[in-house]
Amino acid sequence: MRRESYEDRSVPAPLLARAFAALLLLLLLLPVKAQQAPRLIEVLAGHDSRYKIEGMSKPSITVTANEKILLRVTAIRAKQNNRDGSIHGFSLLRPKDHQPVPGWELLLKPGVQEFSLTAPAEPGEYQVVCTVICSEGHEQMNMKFIVEPEVKTESDSEINK
Ligand SMILES: [Cu+2]
């Protein structure tokens with residue numbers, strides 16, 4: 001389409017400018033809201049081939065089904081790494097068959113890294129495992145990961161009364 005044909009129409013320029021400004025404002029506000037939505041979960045993948053979470057003697061993660069998550073992992077090298085430079089892994093395995101959850105097969109590089117993820121839809125007791133042979137303690141590098149059912153909506157709780 002040629003631009004001339006658009007300008008030929010009798011739309012006043014100030015109105016267009018105002019509409020454009022409103023659109024810009026909307027685009028600026030939208031990402032702010034989206035960034036507030038995911039829950040931040042911070043994990044350390046340590047030099048001793050252990051996952052750690054601040055304030056937990058035995059680390060575990062509990063999420064809600066389909067919850068948006070921002071996973072921030074700090075990884076510190078143990079003894080060995082993969083050829084691609086990965087020093088630890090973070091793979092989520094399903095309870096029923098121990099198969100990895102699509103999108104949750106993460107490889108960790110030294111330092112801090114973030115992953116935008118969505119929790120599995122199916123509730124249950126999952127497991128996080130390391131997939132990089134990082135040291136002789138690698139086999140013990142795992143952590144419980146609970147997926148709780150989604151919170152019932154108001155109409156659902158009406159039925160339970
Ligand atoms: Cu490992």
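# A chat about loops, core and sheet

User: Hi! Is Asn 66 buried or exposed?

Analyst: Asn 66 is exposed, since 12 other C-beta atoms lie within 10 Å. A residue counts as buried when 20 or more other C-beta atoms lie within 10 Å of its own, exposed when there are 12 or fewer, and partly exposed in between; the C-beta atoms are placed from the backbone. Keep in mind that this is a predicted model: local features need pLDDT of at least 70, side-chain atom pairs count only at pLDDT 80 or more, and totals for chains, interfaces and linings use all residues. Residue numbers start from 1 along each chain, as its sequence is written.

User: Where does Asn 66 lie?

Analyst: Asn 66 is in the loop between strand E3 (60-64) and strand E4 (68-75). Strands (E, at least two residues) and helices (H or I, at least four) are DSSP runs, numbered from the N terminus. Asn 66 is not a glycine, yet its phi is positive, near 70°.

User: And Ser 49, is that buried or exposed?

Analyst: Ser 49 counts as buried because it has 21 C-beta neighbours inside 10 Å. Ser 49 also sits in a loop, between strand E1 (39-45) and strand E2 (51-52). Its phi is positive too, near 55°, in a residue other than glycine.

User: Zooming out, how many helices and strands are there?

Analyst: The chain has three helices and nine strands. Their order from the N terminus is α-α-β-β-β-β-β-β-β-β-β-α. Of the 161 residues, 17% count as buried.

User: Which residues touch the most others in the largest nonpolar core?

Analyst: Those are Ala 45 and Leu 108, out of 24 residues in that core. A nonpolar core is a set of buried Ala, Val, Leu, Ile, Met, Phe, Trp, Tyr and Cys residues joined through C-beta atoms within 7 Å.

User: What does Ala 45 touch?

Analyst: Leaving out residues up to four places away in sequence, Ala 45 touches Tyr 51, Val 73, Ala 75, Ile 76, His 88, Phe 90 and Leu 108. Two residues are in contact if their C-beta atoms, placed from the backbone, lie within 7 Å.

User: New topic: what is the strand order in the open sheet of four strands?

Analyst: The order is E2-E1-E4-E7, with mixed pairing. E2 and strand E7 (111-118) are at the edges with a single partner strand each, so one side of each has no neighbour in the sheet.

User: In which sense do E1 and E4 pair?

Analyst: E1 and E4 are parallel, over seven bridges. Two strands pair if DSSP finds at least two bridges between them. For example, Arg 39 has Ile 69 in E4 as its bridge partner.
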